[in-house]
Amino acid sequence: MPRLTPRTDGLLTATALPAWPLMAPRLQGELSEDGTLALALWGLGEVGRLRLTGLAGPLVVAPNRLTGEGGTGIWVAQSAPALLVRGPRPDPVVDERVVIQARGDAWLVVAGASDGELAAALALEPAQIEREADAYVLRCDLLPAAEPVLRSMVLQGVHAGLSSIRQDDQGRFAGLAAGLIYSNPPRTYYRDGYWTMQLLLRLATDVVAEEIDLLARCIQPDGEAPSAVIMQGPHAEAFEANRLARATLAAVNWRPGEWWSDHFDSPLFFVLIVGEHAAATGDDALARRHWPLLKAVFERYLGLRGPDGLPVKPHNDRDWADNVYREGLVAYDLGLWVGVLDTLARLGAALDPELAAKAAAEAVAARAAIAGAVLRDGLPIDYLRPDGWAETHLALDALTLLRWDAVGDADAATIPAEARARLESRHNSDQPYGDFGMLCVWPPFADHAALRAKSAFPFRYHNGGDWPWLDAVYAAERLRRGLPGWRYPLLRWWEACLEHGWAGAVEHYSTPFGRGSLLQAWSSLPAEVALAYAERVLAGDSDA
């Protein structure tokens, strides 16, 4: 696989075809190293596969644009599901809903969910598609003063965030996609959406507002919420019919429009993003509109409190670590809970003073309980089961306790130091794979019975893989607290992508097991952290 080399303008060069993703408001796809281009439409899934020849290196890789010598390349439109190919005619391998037309010395490749959408795509001229693709690249280039690796990471990270904004065939907002593999049924996640919206709060607060309203659909009166909301349309009707017909689907997706019902962290993320939208815009209209739901979430987690006053997660695999049956007091979830309490206290000061006072008191109690039950020698355990057994390894997701200031100053100083020693692979000589990036846990899970699927393997997925969004949470804490050493978590994962020829913000990876999907939306978080701390980041890291 060809290595990718960042240029001073933030674009990437490759000597041969890399693994290259594309995503526009409707059309999405992935070009593999053998020249096969798989295309999909949001809401329909895969619509066809083409074989491309003549795209020989050197190539210049950009968001939704790939160019080679002699004017060859691929340009992706923004206004309709279309792309332009200059070079030999694309050869259909699987041609279900794809139309290919000659346009001078180029080829127009389009798809559509309806005759109207197809006609709009076919009406695009090559020059317009090229202009749209070029303008999109410029839109993603938000840290032009940075050196090549940092600039390219931000450019590709912004692409991951912006391209998650999906539309239906009428051009209406249709949710934030978690990544390339979520188009059928099309669904939008509370968790992935929250981390993606950190960047969009900077670039598109109107989209954040639409996403909040969309996610509100599946907050139940008792404050429960699924992992994701399935977008409405014919695909949703087909999925619902399949759900009712198959007991296995009905057991997981309890109600129409839900994807994986009753996720422990989803309601908490909903409250957090409502509060952050109000803070970013200075407008609490969304908070006022959804206050009954926010109140329901508050009451739900009060009802889940155990003897120490902290919400107890049931024995299930329904939070972000969805290959692990964590139960009891889970540090990651408790960090979110403290953030929710602070959010409700702040919003409620104007909207519901009685609830605000109650939330503020709960926040004080929760912080004290976390110090007594979750911290061991200044470090958070991963989770404490109701039977008293604890998974005591250090987990990167426990840094939610830092993000929402759920621990005292002394512990807040200890945790980043231990994360550096244990979770940065460059400092951890006990793991066998050298300097590859961050470990999301160390050591691997001792509670083997709690693991399933990919996480059953040490160093894979939730059991030690590198997740860029978690790296960004850690990097942000080092930056927020004035600590050196932020560059490694912020950029080492991207350097690994460049080394492996992965032309996009990868979902996760591990040295022995490879990568997850490309162009994962919440992997835009490192770009947002770089932008949020731009002055410091551009000044450089004294401990790089």
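Reader: Which residue in S4 does proline 21 stand opposite?

Author: Proline 21 stands opposite glutamate 30 in S4. This is a predicted model, where local features need pLDDT of at least 70, side-chain atom pairs count only at pLDDT 80 or more, and totals for chains, interfaces and linings use all residues. Residues are numbered from 1 along each chain as its sequence is written, and side-chain values use heavy atoms, with hydrogens and water left out.

Reader: How many bridges pair S3 and S4, and in which sense?

Author: Four, with strand S3 (residues 20-23) and S4 antiparallel. Strands are DSSP runs (E, at least two residues) numbered from the N terminus, as are helices (H or I, at least four). Two strands pair if DSSP finds at least two bridges between them. A hairpin of three residues joins S3 to S4.

Reader: And what does S4 do with S5?

Author: S4 and strand S5 (residues 36-41) also pair antiparallel, over five bridges. Glycine 29 stands opposite leucine 39 in S5. The hairpin of S4 and S5 has four residues between the strands, and glycine 35 in the turn has a positive phi of about 90°.

Reader: How many residues of S4 are buried?

Author: Four of the five residues in strand S4 (residues 27-31) are buried, where buried means under 20% relative accessible area with a 1.4 Å probe, protein chains only.

Reader: Changing topic. What is the strand order in the open sheet of eight strands?

Author: S1-S2-S7-S8-S9-S10-S13-S12, with antiparallel pairing. Strand S1 (5-6) and strand S12 (98-103) each have a single partner strand, so they stand at the edges with one side left without a neighbour in the sheet.

Reader: What joins S12 to S13?

Author: Six bridges, in the antiparallel sense. Glutamine 101 has leucine 108 in S13 as its bridge partner. Two residues lie between the strands of this hairpin, in which glycine 104 takes a positive phi near 65°.

Reader: Now helices. At what angle do H3 and H17 pack?

Author: Helix H3 (residues 148-162) and helix H17 (residues 525-532) pack at about 120°, with axes 8 Å apart. The axes are lines fitted to C-alpha atoms over the stretch in contact, and angles run from 0 to 180 degrees between N-to-C directions.

Reader: Which residues make the contact?

Author: On H3, Leu150, Met153, Val154, Gly157 and Val158; on H17, Pro526, Ala527, Ala530 and Leu531. Contact means heavy atoms within 4.5 Å.

Technical notes
Buried means under 20% relative accessible area, exposed over 50%, partly exposed in between (1.4 Å probe, protein chains only).
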